[in-house]
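Subject: Structure handover

Hello,

Here is the structure I said I would pass on. Please look it over before reading my notes below.

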Amino acid sequence: MEQTLDNKQAELKTFIDGFRDKEHFESYLIAVLHKAQEIHGYLKKDVMDDIAREMNIPTSHIWGVATFYHYFNLKPIGKYKISICLGTACYVKGAERILNAVKKELGIEMGDTTPDELFTLQITRCLGACGLAPVAMINDKIHGELTAEKMVDILRKYRKAAMAEAAEKAKEQQ
Amino acid sequence: METIAEKKMINVTVNNKPYKVGGNQTIMQALDEVGFRIPRLCYHPKLSIEGACRVCIVEVEGMRNYVASCAFPILEGMKIRTDSNDVRRARRDIVELILDNHPEDCHVCERDGNCELQRLAYSMGIRKRHFVGEKKHYEKDLSSPSVIRDPNKCILCGRCVRMCAEIQKVSALRYAHRGFHTVVMPAYNMPFSESVCTACGQCISVCPTASFVEKGNCMELFDKLTNPDIIKIVQIAPSVRASIGEAFNLDPGRAMEGEMAATLRKLGFDYVFDTQFSADLTIMEEASEFLDRLQGKGKLPMITSCSSAWMKCMEQFYPDLIDNVSTCKSPMSMMGSLIKTHFAAKNNMDPKKIFTVAVMCCTAKKYEAQRPELQVDEMNPTDMVITTREIAWMIKCAGIDFLRIKPEKFDTPLGVSSGAGVIFGVTGGVMEAALRTAYELYTGETLMDIEMNDLRGFKGIKEGKVVMDGKEIRIAVAHGLGNANEVLEVVRKEPDRYHFVEIMGCPGGCIGGGGQPYANSNSEPLNEACLKKRAEALYGLDRTRTIRRSHENPDVQRIYKEFLGRPLSALSHKILHTHYKAKEPRGIISKETKVR
Amino acid sequence: MATPLETIKKKRAEAICRIISKGYLSTKRVYVGMATCEVAAGSKEVMEVFDNAIKNGLGDVYLSQKGCAGRCNLEPTVEVVEENKIPVKYGKINAERAREIIERHLKRGEVIEEWVIR
Amino acid sequence: MKKDDKRQYALILCDGPACLRKKSKNLEEVIKQELDKRGMADRVRLTLSGCLGMCDKGPILIVNPGYVIYGGVTEHDIPAIVEQHLINGEPIARLEINEDHLFNRFFRVFGDVGFFGKQMRITLRNCGIIDPEKIDDYLSVRGYEALAKVLTDISPEDVVKEIKKSGLRGRGGAGYPTGIKWELTRKSEGSPKYVICNADEGDPGAFMDRSAIEGDPHTVIEGMIIGGYATGADKGFVYIRAEYPLAIKRLEKALGEAKTHGFLGKNIMGSDFSFDIEIKLGAGAFVCGEETALIHSIEGSRGMPRPRPPFPSVSGLFGKPTLINNVETWANIPVIILDGADWFSSIGTETSKGTKVFAVAGKVKNTGLVEVPMGTTLREIIYDIAGGIADDKKFKAVQTGGPSGGCLPEEYLDTKIDYESLSKAGSIMGSGGMIVIDEDSCMVNISKFFLEFTENESCGKCTPCREGTKRMLEILTRITDGKGEEGDIEKLERLGNMIKKASLCGLGQSAPNPVLSTIKNFREEYEEHIKEKKCRASACIALLSYTITDKCIGCMACRRACPVNAISGEPKVKHVVDKTRCVKCGLCFNICKFDAIDRR
């Protein structure tokens with residue numbers, strides 16, 4: 001079930017309330033931003049405004065923190081988040097080629113989301129799976145020992161799956 | 001504060017020569033003490049230590065890396081080198097790196113050569129560039145009526161960020177993003193006008209370059225001045241006369257009252273009035289309002305309302321205190337309101353043809369001028385505000401020999417002022433002026449001891465007591481919005497602690513306003529000695545006035561007789577008073593979060 | 001009151017009892033690497049194969065996950081430990097190979113030499 | 001046991017320097033001869049191991065299964081061992097020594113595998129041995145005994161003394177003596193005090209901390225509790241990358257179980273010492289590995305470092321005295337307490353004690369996580385443990401210390417690993433990344449890769465790092481793009497040296513290292529790029545040139561594929577590349593079926 005906006009707000013508020021009795025309440029900002037991103041998919045302005053009010057932190061500070069850490073998305077992200085590992089081991093084994101292949105296949109640049117909101121392309125520094133280098137992570141799944149061709153195949157599979165899912169949904173609704 | 005004599009003296013060597021310096025301070029402070037002046041950029045004595053620009057590096061024997069002298073403590077036996085070729089070249093390269101990512105438009109820049117970066121670049125000996133590459137490119141933010149933010153000129157020293165958060169506690173500005181892409185900006189990169197910015201302009205004061213400048217109106221004003229169809233009327237704030245000389249390389253502290261009157265007339269204004277007149281009028285209204293409140297008609301403590309930055313701050317940060325704030329308009333707006341009503345009527349002028357200009361020390365006044373709640377008969381009291389810096393530029397641009405001009409008097413009837421009106425420009429001045437009048441109105445006796453030393457000086461928060469007819473009046477004065485926050489927290493918790501509170505948005509009051517001349521090469525922004533001299537100039541004017549109490553100003557008396565009736569009359573309320581309301585976005589003052 | 005040292009000894013004894021009660025003393029113990037890197041290489045599927053086999057009646061085998069021993073390029077890894085024998089370390093195990101380990105090694109006691117890490 | 005028992009044995013012979021000195025070298029030969037003589041050779045595998053940490057009892061020989069440790073073994077003992085133990089299955093009591101160090105458990109399982117032979121597992125002693133999600137497994141390997149021991153009869157002062165005596169140094173990079181850090185925090189006035197575990201492992205290609213936490217989270221927790229006890233802190237934080245979900249999950253589970261068992265919380269194990277640990281997540285900023293930046297991040301701010309002093313031990317988290325160590329450092333603590341500082345300090349070199357974990361990656365046969373005693377040479381790690389260079393390529397350089405470290409060429413392979421010798425060689429220990437580079441990699445390109453990383457991770461606070469790394473990257477990019485200019489190398493050196501000495505924090509101070517060390521050791525490659533526009537590793541695409549060789553049969557495939565029509569030629573006639581038009585896209589190279597395109 002999709003959560004309604006009110007539910008989402010309530011969930012975040014409950015999460016924030018969990019820290020209220022802690023010493024240095026404000027220091028839990030990053031944890032709260034993580035949670036907000038988990039709930040909403042990315043950090044939107046009104047959510048950060050809510051956090052500012054709830055935690056009594058200036059919005060400029062929250063914005064400063066949200067933009068400092070690369071883990072936080074400030075724009076909506078796609079259904080599948082592709083993180084190409086550019087750690088040394090992967091780099092040495094040709095991660096750049098994988099990256100270029102993805103860019104070409106999806107027609108987007110680093111940090112962007114495809115117009116169909118299916119894929120978001122990001123890079124990451126070492127997923128700790130160096131033995132499988134080069135690797136990429138799609139949502140939580142790690143794909144290893146990649147080649148450009150293999151990567152493109154994987155993306156096409158995801159796209160196919162998503163389209164099938166959408167078709168299924170459309171059918172149900174009919 | 002610890003004085004040098006109280007510090008334990010220690011022995012250090014600087015460039016191989018022995019020195020005795022005070023301990024318990026930074027290397028930079030110690031070097032300052034014995035006559036060195038290490039170049040510096042992100043350092044500001046009133047702000048927290050950032051250690052970011054690395055311009056102030058020195059060599060310390062035994063340490064692998066250079067040491068930022070602003071941040072490192074001086075220690076017994078330290079061997080410091082400020083002059084080796086290596087460290088000099090490193091400093092030079094650091095400044096070049098800053099310069100390499102900075103627009104090269106010095107010859108057309110607002111700072112007019114009075115730029116810390118330019119001075120540094122020259123003194124570091126940067127004559128050639130080695131590392132030129134990509135420069136940052138961002139949009140200018142022109143949204144605010146007061147302040148322009150140009151990230152391209154920003155060198156990320158962070159002084160504005162710390163000023164805004166530490167001294168003003170407004171936190172409109174913060175670093176966002178990181179690395180080469182770091183930008184100082186308001187939350188969400190929103191237009192400045194939609195942020196919590198109070199328009200105080202202190203970011204401009206501390207900015208070493210022209211990353212922050214006021215929204216200029218000079219060209220528009222030149223246009224107006226040459227338009228024969230309108231009546232150009234100007235007023236000038238007290239603190240402008242105390243600082244304008246600095247823009248012409250005079251030492252701080254020269255009061256230039258008559259010179260300003262003459263100059264403004266030369267510039268083409270039809271009438272030259274003095275904000276100090278309306279300051280006297282403000283006192284009449286405000287003192288009366290205070291006495292009313294004291295008698296149970298309204299909330300106490302009463303808080304002053306003349307500082308525009310404070311008023312915007314109040315609406316966003318302290319809407320719960322709206323009823324405590326005096327309903328008086330600022331002297332600038334009172335003047336404008338009078339000009340377009342009484343003065344126009346008396347002289348058979350169409351108020352719509354009058355163009356009112358205020359020369360202010362202040363950028364927030366540009367915002368105030370636009371406030372709809374100040375309008376009289378659907379007219380803005382003030383049509384344009386220009387800062388001290390802008391008028392100085394206009395004088396230069398118009399080719400007026402300011403330094404040799406013959407002083408003239410202000411025009412009547414809105415040009416005569418008492419000493420009380422003069423000291424409005426310095427922290428504590430409004431309170432002092434108000435008490436001079438309130439005392440007499442309340443007790444019927446003239447207050448003889450009118451120089452209130454408790455309320456003078458630059459302590460962040462000043463408290464005092466006055467006994468009027470056996471009643472103890474407790475007062476507080478705060479300058480800078482950070483100090484104000486402390487007093488206001490007290491007001492929130494203990495509403496009975498004070499009867500009367502004066503708040504000025506800028507450090508030092510209007511003399512330290514965000515529109516005042518830039519610090520010159522021998523000083524730094526908001527230098528306390530400089531502020532002191534500006535204050536002295538105003539106190540000096542007060543001392544030489546024969547009339548030093550607002551209610552004794554004959555023109556003020558006349559205007560009540562001819563027009564307003566009495567203070568707080570219905571007409572007064574219509575023309576000279578207003579009401580404020582809460583505004584979005586709401587400001588948040590954090591207890592813990594530091595600037596990072 | 002017991003000193004912390006006495007407490008810890010008791011706790012250790014209890015812990016060992018609990019481990020034993022979960023079948024630690026079985027003839028064969030199987031350890032499957034389950035760190036991020038191993039999971040990425042497919043060790044979850046391998047774990048499932050062993051788990052299902054035990055659920056479906058494979059007896060006298062103690063199954064446990066373990067952290068990463070550091071043989072990145074040979075992951076997923078599986079160890080088969082038998083009392084009085086040198087532990088056998090298998091590398092590059094997938095579901096299919098896991099099934100074969102069950103058949104040949106766990107059931108028949110045959111070490112599958114070609115997959116052994118040396 | 002019967003003679004026909006065909007059971008297999010693994011012998012582990014200690015090859016550490018102390019045992020070698022006691023002339024155990026020829027033991028290897030003697031054992032082999034004896035085994036051959038008795039027809040046992042096919043049933044016994046003999047592995048040489050690095051120092052096993054029992055030097056005073058050496059030479060050491062271990063027999064597996066059973067993990068029987070023999071000490072003081074001479075060649076005269078060998079026939080008896082083979083006869084009595086290996087053939088008759090009866091261990092020889094007179095040679096047996098009763099020394100069971102914590103790390104030995106690993107060797108019981110893995111001791112016979114060549115990859116682990118030269119390793120010594122102290123911090124990773126339980127990784128790959130126990131179920132990290134079961135506290136029972138940890139308890140069974142003497143878990144929390146070190147904590148119990150200090151709570152029972154070691155005063156906080158003496159714990160600090162013990163850590164000082166052990167010679168342990170920070171494993172996060174700089175190698176600051178851990179004991180002194182503990183002592184400073186202990187002596188600092190201020191309350192409360194905090195203990196932090198830095199698990200913000202961000203070096204590209206390093207995953208030691210992840211592995212340690214995923215494999216044995218309790219060790220880190222136990223180390224932190226002991227640190228809290230020793231310094232007088234009552235609260236600990238683990239600052240860990242959000243990119244490590246499994247490590248976070250295991251850590252959370254371990255913390256929960258430790259609480260249930262009373263190792264965390266009020267009055268730990270009945271003592272009057274109380275301590276708690278919370279997890280704080282990073283959010284993707286490498287600079288947060290720097291301790292002041294990390295503190296700011298825990299405080300909920302941008303992770304920007306601040307100048308030191310004051311050091312965290314005096315004024316750290318929330319302005320209070322704070323002890324920060326990294327994961328690996330913490331994992332050493334229980335071992336030092338249980339096996340003793342004397343034993344610990346007997347391992348390693350004069351200045352660097354104990355072991356160090358490296359994540360060995362790049363062009364070696366066996367990539368993986370390696371823990372070796374300090375003093376092991378780079379050559380031993382790369383060739384003996386990691387199996388040498390993959391695909392029979394030629395070794396070119398080894399990069400240690402990640403983006404803060406340097407690249408060392410072949411002549412440094414015999415450098416013994418410790419803090420001082422690595423930094424003398426022009427690199428650093430760092431947190432333990434070790435990337436082996438072969439002839440296919442371009443050193444200019446590699447240093448560009450690292451600088452790209454630091455430039456991207458610069459927090460932007462101080463000028464040298466923010467602006468300087470950007471300019472260095474621009475110069476490197478133009479060199480690899482074939483637009484390098486005379487004087488670029490000197491500019492890189494000038495900027496690099498300035499950034500090193502003038503930056504605010506360790507990230508900036510070490511950012512130029514990869515560039516400076518490659519300029520020092522591989523200057524000719526830079527010069528080739530600039531002067532001859534040539535990349536000897538064929539890695540810099542813009543510098544490649546394409547020619548068609550005589551193998552061309554004129555099939556037209558490349559001619560059709562070329563997007564800029566730079567290839568001309570008639571059918572069945574050798575084609576030609578017009579180099580002035582070629583954009584070096586490589587399509588022709590990929591499409592040619594006859595290997596007729598020469599790219600170099």
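Predicted model: local features only at pLDDT ≥ 70, side-chain atom pairs only at ≥ 80, totals over all residues.

Residues are numbered from 1 along each chain as its sequence is written, and chains are lettered from A and ligands numbered from 1 in the order in which they are written.

Chain C has 4 helices and 4 strands (DSSP runs, H or I of at least four residues for helices and E of at least two for strands, numbered from the N terminus). Their order along the sequence is α-β-α-α-β-β-β-α. Of its 118 residues, 45% are buried (20 or more other C-beta atoms within 10 Å of a residue's own, with C-beta atoms placed from the backbone). The C-alpha atoms of chain C fill a box of roughly 55 × 30 × 25 Å along the principal axes.

Chain B is split into domain 1 (4–83), domain 2 (107–215) and domain 3 (219–576); the bounds come from an automatic or database domain assignment. The C-alpha centres of domains 1 and 2 of chain B are 27 Å apart.

Between chains D and B, 29 residues of chain D are in contact with 30 residues of chain B (C-beta atoms, placed from the backbone, within 7 Å). On the chain D side, H18 (443–457), H19 (463–480) and H20 (488–502) each supply at least two residues. The largest share, 8 residues, comes from H19(D).

Regards

Conventions: Buried ≥ 20, exposed ≤ 12 C-beta atoms within 10 Å, placed from the backbone. Contact = placed C-beta atoms within 7 Å.
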